[in-house]
Amino acid sequence: MTAYEDTPGGHDALVLGAQLARLTGLTNVVATVYPTDGLGYSAMARDPRWREKIEEVARRRFTRARELIGGSSGPGEPEFAPLGPGPAAVVLADHAEEIGAAVLVVGSTGGGLLGRLAPGGTVQRLLPSARCPVAIAPRGYRHTAAKGITVVTVAYDGTPEADRAAVLAVHLAGRTGAALRFVVVAGAEDEVPAATETAQKGLAQAPVEIDALYDVVLGRSVAETLADLPERTDVLVVGSRGYPLMKRLLLGGVAGVLVRTARYPVVVVPPPER
């Protein structure tokens, strides 16, 4: 499912969502949330003038979406879903859960250099509440996206979070025909043997029919190293911890830094039963 609005960030998400749908053969659901004003959601919902206005906005957005992705969105015509009214992050997360979305694709917005993720307010609020994996397209992805996904990289450290990320990465590599790479970051040379053992543990999870390999990369900062890997990476998959009681992602950790700084799409796999 792709969260779409007619903005540069929305266009980036649209391109990534169409790419994933085409390569995996899954249905592409393009969803837009009705715009709101200061009258309050219940008042707007009862106002026929508002309803006509926002339905026209949705139609224009979907027309623009068709122009942008053409026939590249998958095996068939994408499904378009106008949603709301309501807070965009909540509405999108709820609809993704309702339809059983395999992944929710969003674009990055806000400040930041071209090619870097710079999540805006909706993305920041969406990550803690989404119950399915969230894929964030880097700013400017509509200009830099390759036709295919040849390498799926999973950030691996042997934790349960990394194992969940590996499951999704294996599935994505299997559906796209991409190679699968397990990357472990070692802080110093003396940590390389242990990191190599961890990487081999991850590699053992890959089915024999998938081309899989591992790399141990030296770097003082795990997040900064993963955000700018020297080897080719088309998609980076990372697991995220959560507070069991608060049911929130630990956005201040590695996953949060990656979402803000990576130069390629990042898929954040949430913790279970949040």
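## Ground rules

Since we're looking at a prediction, local features need pLDDT of at least 70 and side-chain atom pairs count only at pLDDT 80 or more, while totals for chains, interfaces and linings use all residues. Residues are numbered from 1 along each chain as its sequence is written, and side-chain values use heavy atoms, with hydrogens and water left out.

Helices (H or I, at least four residues) and strands (E, at least two) are DSSP runs, numbered from the N terminus. Buried means under 20% relative accessible area, exposed means over 50%, and partly exposed is in between (1.4 Å probe, protein chains only).

## Rings that pair up

A pair of aromatic rings is described by the distance of the centres and the angle of the planes. Rings of Phe, Tyr and Trp (its six-membered ring) pair if their centres lie within 6.5 Å; planes under 30 degrees apart count as stacked, over 60 as edge-to-face and the rest as tilted. How many aromatic pairs does the structure hold? There are two. In one, the rings of F62 and F80 have centres 4.8 Å apart and planes at 50°, so this pair is tilted. F62 sits in helix α3 (residues 48–69) and F80 in strand β3 (residues 79–83), so the pair ties together parts that are 18 residues apart in sequence. F62 is buried, at 8% relative accessible area.

Then there are Y156 and F182: their ring centres are 5.7 Å apart and their planes lie at 85°, so this pair is edge-to-face. Y156 is in the loop between β6 (151–155) and α7 (160–176), and F182 is in strand β7 (residues 179–186), so the pair ties together parts 26 residues apart in sequence. Both Y156 and F182 are buried.

## Nonpolar cores

In soluble globular proteins, nonpolar side chains tend to be buried together. A nonpolar core here is a set of buried Ala, Val, Leu, Ile, Met, Phe, Trp, Tyr and Cys residues joined through side-chain atoms within 4.5 Å. The largest one has 36 residues, and M1, L92, L104, L126 and L226 touch the most other members. Helix α4 (residues 88–99) supplies the largest share of this core, with five residues. There's also a second, separate core of 32 residues, which includes V103, V152, A162 and V235.

Contact means heavy atoms within 4.5 Å. Leaving out residues up to four places away in sequence, M1 touches a list that includes V29, L83, L92, H95, I99 and L104.

## A closer look at V269

V269 is found in strand β12 (residues 266–269). Is V269 buried or exposed? It is buried, with a relative accessible area of 8%. The C-alpha atoms of V269 and G239 are separated by 4.7 Å, although these residues are 30 apart along the chain. Not counting residues up to four places away in sequence, V269 touches R164, A165, L168, V237, V238, G239 and S240.

## Salt bridges

A salt bridge is a side-chain nitrogen of Lys or Arg within 4 Å of a carboxyl oxygen of Asp or Glu, and the count comes to 10. D12 and R142 form one of them (2.9 Å, N to O). D12 lies in helix α1 (residues 8–24) and R142 in helix α6 (residues 141–144), so the pair ties together parts that are 130 residues apart in sequence. D12 is buried, at 0% relative accessibility, whereas R142 is partly exposed at 30%.

R131 and D94 also meet in a salt bridge (2.9 Å, N to O). R131 is in the loop between α5 (121–129) and β5 (134–137), and D94 is in helix α4, 37 residues apart. R131 is partly exposed, at 39%, and so is D94, at 40%. D228 pairs with R263, with the closest N and O atoms 2.4 Å apart. Elsewhere, D6, R64 and E67 are linked in a network of salt bridges.

## Helix α7

α7 has 17 residues and reaches 25 Å from its first C-alpha to its last, close to the 24 Å expected at 1.5 Å a residue (that expected span is 1.5 Å times one less than the number of residues). Its buried residues include E161, A162, A165, L172 and T176. Among the elements covering the buried residues of α7 are α1, β6, β7, β9 and β12. After α7 comes G177, whose phi is positive, near 80°.
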